[in-house]
Amino acid sequence: MIHINISKALHGVKGSMKLEVNLNIKQGEFIALTGVSGSGKTTLLRILAGLEEADGQIEVNNIFWLKNNKSLKPQKRSIGFMHQESALFLNMSVLQNLLFVQKDLELALRLLSLTGLNELKDRYPKTLSGGQKQRVSLCRAMMKRPAILLLDEPLSALDAKMRGELQLQILSLHKEFNTTTILVSHDPSEIYKLSTRTVVLENAKVIKDANTKEVLLKSQGSQKFSFEGELLELQEVDVVIIAIVAIGQQIVEVVLSKKEAQELQVGKRVILSTKAFAPTILHPSL
């Protein structure tokens, strides 16, 4: 069992706010952490890893990582951390990168086999593709069989096909090692495929904490689809405004009135929702 009850003062573009998180997490859960940029998601991961200070308590499997202003050093915490950038050692081979973390050849070879990297074990990072580097980074994060695997949008820079493949490998390792995993993501499809529980942060506070399907599908009431995206452009066409929104790998056009578009700003995150009157699903080839 993992108990997190922490607070920390944050200073962002919207001014000062206080990160307050109180969560109980069961061993082996896969939790998605989502919310608009600047809501405190990455800060929470860094606090768990011991890379930032905070007030409160963090207890993992009956061991206090944080209590009464006493903090366990990062290297003593059972954490695996995977970032957007692989940050591999360029002068080390794939296998050497793993063994640098833990001198366990059997585990290293097992992880490379599970992620399809056996044949690349003697290659150096500069010869690898972006997806291959992230697979190595995933293996490296698992080298200490961590109690908690932290994933900070590790797949955001990959193309859709590679992203899908790595999502399956992340889920496979999560189940194989019964690791508690916390994933920061803005991608609804990724969150749906990987997590069983979703925690939504807004202004550094937890505003939702429920089963992933309940959070994403919003099954109550008039049944709405709701996705977060980036507003790319606002085009004025006659008496309406066309909003161009990027949602994951898709670009969507939305027709708005001028009044609806008044508060929107290009480059900002937006929530796109629609009532599902008669949704259809077509084969991609049609």
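Which strands and helices do the buried residues of H5 pack against? The legends below take up this question and then turn to other parts of the predicted model.

**View 1. Helix H5 and the elements around it.** In this predicted model, the buried residues of H5 pack against strand S3 (30–34), helix H3 (105–114), helix H4 (130–141), strand S8 (148–152), S9 and helix H6 (188–194). Helix H5 itself covers residues 160–177, and its 18 residues reach 26 Å from the first C-alpha to the last, close to the 26 Å expected at 1.5 Å a residue. The buried residues of H5 are Met162, Arg163, Leu166, Gln167, Gln169, Ile170, Leu171, Leu173, His174 and Phe177.

**View 2. Thr181 in strand S9.** Thr181 has its place in strand S9, which runs over residues 180–184. With a relative accessible area of 0%, Thr181 counts as buried, because buried means under 20%. Leaving aside neighbours within four places in sequence, Thr181 is in contact with Glu29, Phe30, Ile31, Leu149, Leu151 and His174.

**View 3. Helix H4 and its surroundings.** Helix H4 has twelve residues and reaches 17 Å from its first C-alpha to its last, close to the 16 Å expected at 1.5 Å a residue. Ten of these twelve residues are buried, so H4 is largely enclosed by the rest of the structure. The buried residues of H4 are Gly131, Gln132, Gln134, Arg135, Val136, Ser137, Leu138, Cys139, Arg140 and Ala141.

**View 4. Two loop residues with positive phi.** Asn61 is found in the loop between strand S4 (55–60) and strand S5 (63–67), and its phi is near 50 degrees, a positive value in a residue other than glycine. Asn61 is partly exposed, with a relative accessible area of 35%. Ala87, which lies in the loop between strand S7 (79–82) and helix H2 (94–101), has a positive phi of about 50 degrees although it is not a glycine. Ala87 counts as exposed, at 55% relative accessibility.

**View 5. Gly38 and Asn203.** Gly38 lies in the loop between S3 and helix H1 (41–49), and Gly38 is exposed, with a relative accessible area of 55%. Gly38 and Asn203 are 165 residues apart in sequence, yet their C-alpha atoms are 7.6 Å apart in space.

**View 6. The protein chain as a setting for the close-ups.** The secondary structure of the protein chain comes to eight helices and 15 strands, and its C-alpha atoms fill a box of roughly 65 × 50 × 35 Å along the principal axes. For 286 residues, a compact globule would have a radius of gyration near 19 Å, and the 21 Å of the protein chain agrees with this. Of the 286 residues, 44% count as buried. Among contacts between residues at least 6 apart in sequence, 63% join residues at least 24 apart.

Technical notes: Residues numbered from 1 in each chain as written. Predicted model: local features only at pLDDT ≥ 70, side-chain atom pairs only at ≥ 80, totals over all residues. Heavy atoms only, no water. Helix = DSSP H or I, 4+ residues; strand = E, 2+ residues; numbered from the N terminus. Rg over C-alpha atoms; globule rule 2.2 N^0.38 Å. Buried < 20%, exposed > 50% of the residue type's maximum accessible area, 1.4 Å probe, protein only. Contact = heavy atoms within 4.5 Å. Expected span 1.5 Å × (residues − 1).
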